[in-house]
Amino acid sequence: MELFRIKRTIPFMRHALVLNLISLITFALAVFFIATRGFHLSIEFTGGTVMETHYQQSADLGQVRNALSEIGYSDFQVQNFGTSRDVMIRLPVAEGEDATVQSEKVMAALQADTPNVELRRVEFVGPQVGEELVTNGLLALLCVVIGIMVYLALRFEWKFAIAGVVANFHDVIIILGFFAFFQWEFSLAVLAGVLAVLGYSVNESVVIMDRIRENFRKQRRASTTEVIDGAITQTISRTIITHTSTQIMVLSMLIFGGPTLHYFALALTIGIWFGIYSSVFVAAAIAMWLGIKREDLVKPVKKDDAEVEVEEG
């Protein structure tokens, strides 16, 4: 689908070196912030107190958050579960306070605003659970990266596989670098957003790589640079339509989704924009520098004493 067609090929690869140097600097800064500042991990990773409360009518989550802020809590999570009258509260570990003390303190603050609020459940989540979540999350990330590399290697060629994985790794590290630099809360929802960005970004890379392979078959006398520039230019309309519609949906979550979806939507927003950038300038440029050529994707075979070309993958 094309809303518009660009007739003149845009020379994207002419600026590939400068843009990839910028990417390298950004990537290095992200790694630096991750290593030196670390992440502001949510209660799901660090452990804390989980409370379930019940209201007689729909709960005002903003009022609950204000009540918790007034008694000195700054790092907490408040969300509905089940119905609009049930509220789950997650509190961080507080020095000198156990789950019982915290729950009594919170209930006193909540009942000052809404006397009929009921406490349904209180439990303490230890930090060992958080360590398990971190380990499982990293394993999930590793499995996704390996799966992407195998998929690209089988469908296209090993040079494209390396280029695609480097571009996707570039996106993930930069997202994590933003969260480390600004000390935004890193929760399970954010981790899910990072994994979603991996799949989203590789889809854009596959579209461009597929068009590059197709152009190698059609443009027999064109150079590798001309083929790549033509492929990216031909897919621009699709890129704009896809990413604009996706970004509108993500922005709606960012603006109207409340605190629960805020950082998840933020991770997706960063990932969408850097995913476009990396697919065009990082993945394509790395494949070009690795020496991708027509013979890698379109190999001649002999059939009935006539040489024909077939598409590999």
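The dialogue below walks through some features of a predicted model.

Colleague: Before we look at any feature, what kind of model is this, and how are residues numbered?

Modeller: This is a predicted model, in which local features need pLDDT of at least 70 and side-chain atom pairs count only at pLDDT 80 or more, while totals for chains, interfaces and linings use all residues. Residues are numbered from 1 along each chain as its sequence is written, and side-chain values use heavy atoms, with hydrogens and water left out.

Colleague: How many helices and strands are in the chain?

Modeller: Helices (H or I, at least four residues) and strands (E, at least two) are DSSP runs, numbered from the N terminus. The chain has 11 helices and 8 strands.

Colleague: What is the radius of gyration of the chain, and what would a compact globule have?

Modeller: The radius of gyration is taken over C-alpha atoms, and the globule rule is 2.2 Å times the number of residues to the power 0.38. For 313 residues a compact globule would come out near 20 Å, but this chain has 25 Å, and its C-alpha trace spans about 85 × 40 × 40 Å along the principal axes.

Colleague: In what order do the strands of the open sheet stand?

Modeller: Two strands pair if DSSP finds at least two bridges between them. Here 4 strands form an open sheet in the order E3-E4-E2-E5, with antiparallel pairing. Strand E3 (77–81) and strand E5 (118–125) each have a single partner strand, so one side of each is left without a neighbour in the sheet. Within the sheet, strand E2 (residues 48–54) is joined to strand E4 (residues 83–92) by 7 bridges, and Glu52 stands opposite Met88 in E4.

Colleague: Which residues of helix H8 are buried, and what covers them?

Modeller: Buried means under 20% relative accessible area, exposed over 50%, and partly exposed in between (1.4 Å probe, protein chains only). In helix H8 (residues 224–234) the buried residues are Val227, Ile228, Asp229, Gly230, Ala231, Ile232 and Thr233, and their cover includes helix H7 (188–218), helix H9 (236–256) and helix H10 (258–289).

Colleague: How many aromatic pairs are there?

Modeller: Rings of Phe, Tyr and Trp (its six-membered ring) pair if their centres lie within 6.5 Å, and planes under 30 degrees apart count as stacked, over 60 as edge-to-face and the rest as tilted. The structure holds 15 such pairs. One of them is the tilted pair of Phe39 and Phe186, 5.3 Å centre to centre with 35 degrees between the planes, and its two residues are 147 residues apart in the chain. Phe39 is partly exposed at 31%, whereas Phe186, at 9%, counts as buried. Phe181 and Phe182 form an edge-to-face pair, 4.8 Å centre to centre with 85 degrees between the planes.

Colleague: Which residue lies over the face of Phe181?

Modeller: A charge sits over a ring if NZ of Lys or CZ of Arg is within 6 Å of the ring centre and within 35 degrees of the ring normal. Arg37 lies over the face of Phe181, at 5.6 Å from the ring centre.

Technical notes: Contact = heavy atoms within 4.5 Å.
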